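User: Could you walk me through this protein model, step by step?

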Amino acid sequence: MKHGLSYTVNCSILLTELPLLERPAAARSAGFDAVEFWWPFAEAVPADAEVEAFVKAIEDAGVRLTGLNLAAGDMPAGDRGLVSWPGREKELRDNLDVVAGIGERLGCRTFNALYGNRVDGAAPELQDELAVANLVHAAKVVGAIGGRIVVEPVSGIDAYPLKTAGDAVEVIDQVAADNVLLLADFYHLAVNGDDVPAVISAHAQRIGHVQIADAPGRGAPGTGELPLDDWLGALEAAGYAGLVGLEYKADGDPFAWLRR
Ligand SMILES: O=C(O)C(=O)CO
């Protein structure tokens, strides 16, 4: 390893052979003390009992919840966030209250606000204005518990407008809140053709979270061609001291590469 950064297991993409609530304990058994999740409920505002079961699963597993995505719509159907989606403002705000409640109870302070896809019939400029207003609000809500919002460029969905770190930083600049930072997912950035070493040099101070997967294929490190270890070393040397989210797909033992 060319870095000393610690990992957090993304339990929405890993360990998916298990029911969601069993994944934190499986991450713990595999030797990790930190997990992160995409929004783990079908609804933006789930029933109290569902929230209780989720909180209990994390607490009982003895892991920390280190990251949580805001509700993002129907992810399997291709939705990637509500932040710029006209007409879903109330749902997003209601969701944020639940998110902050979970964050407060579990000590989670990093929240991924997926931007949302371009919507047919909506003017992109108006979607972008709405996104900035929603992110200002989100920053206030999670700021009240000492939290931060991270904004993520994503690959694989043409309609998702934030492709590069520069696209996300442009939005973050407009929000102009200290607790809104870049989520640098090296897989998404590389697949979208971004220059990851240049992103690290230009934006290391504004990176609030990092995630990794190899490309092509979004598999574990070593299954593709990305120099992830070099990039993490460069990121650490540039001052990043946060966690690295393991956000890849895996068959068999998902953590074998860490023991090699
Ligand atoms: O949708 C994805 O691929 C993500 O990384 C969401 O956080």
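Here are a few questions and answers about this model.

Analyst: A quick note before we start: this is a predicted model, where local features need pLDDT of at least 70, side-chain atom pairs count only at pLDDT 80 or more, and totals for chains, interfaces and linings use all residues. Residues are numbered from 1 along each chain as its sequence is written, and side-chain values use heavy atoms, with hydrogens and water left out.

User: Where is A238 in the chain?

Analyst: Helices (H or I, at least four residues) and strands (E, at least two) are DSSP runs, numbered from the N terminus. A238 sits in the loop between helix 8 (228-237) and strand 8 (244-246).

User: Is A238 buried, partly exposed or exposed?

Analyst: Buried means under 20% relative accessible area, exposed over 50%, and partly exposed in between (1.4 Å probe, protein chains only). The relative accessibility of A238 is 28%, so this residue counts as partly exposed.

User: Which residues does A238 touch, not counting those up to four places away in sequence?

Analyst: Contact means heavy atoms within 4.5 Å. I200 is 38 residues from A238 along the chain, with 7.4 Å between their C-alpha atoms. With residues up to four places away in sequence left out, A238 touches I200, A204 and Q205.

User: How many disulfides are there?

Analyst: A disulfide is a pair of cysteine sulfur atoms within 2.5 Å. The cysteine sulfur closest to that of C11 belongs to C108, and because it is 12 Å away, it is too far for a bond. C11 is buried at 0% relative accessible area, and C108 also counts as buried, at 0% relative accessibility. By this rule, the number of disulfides is zero.
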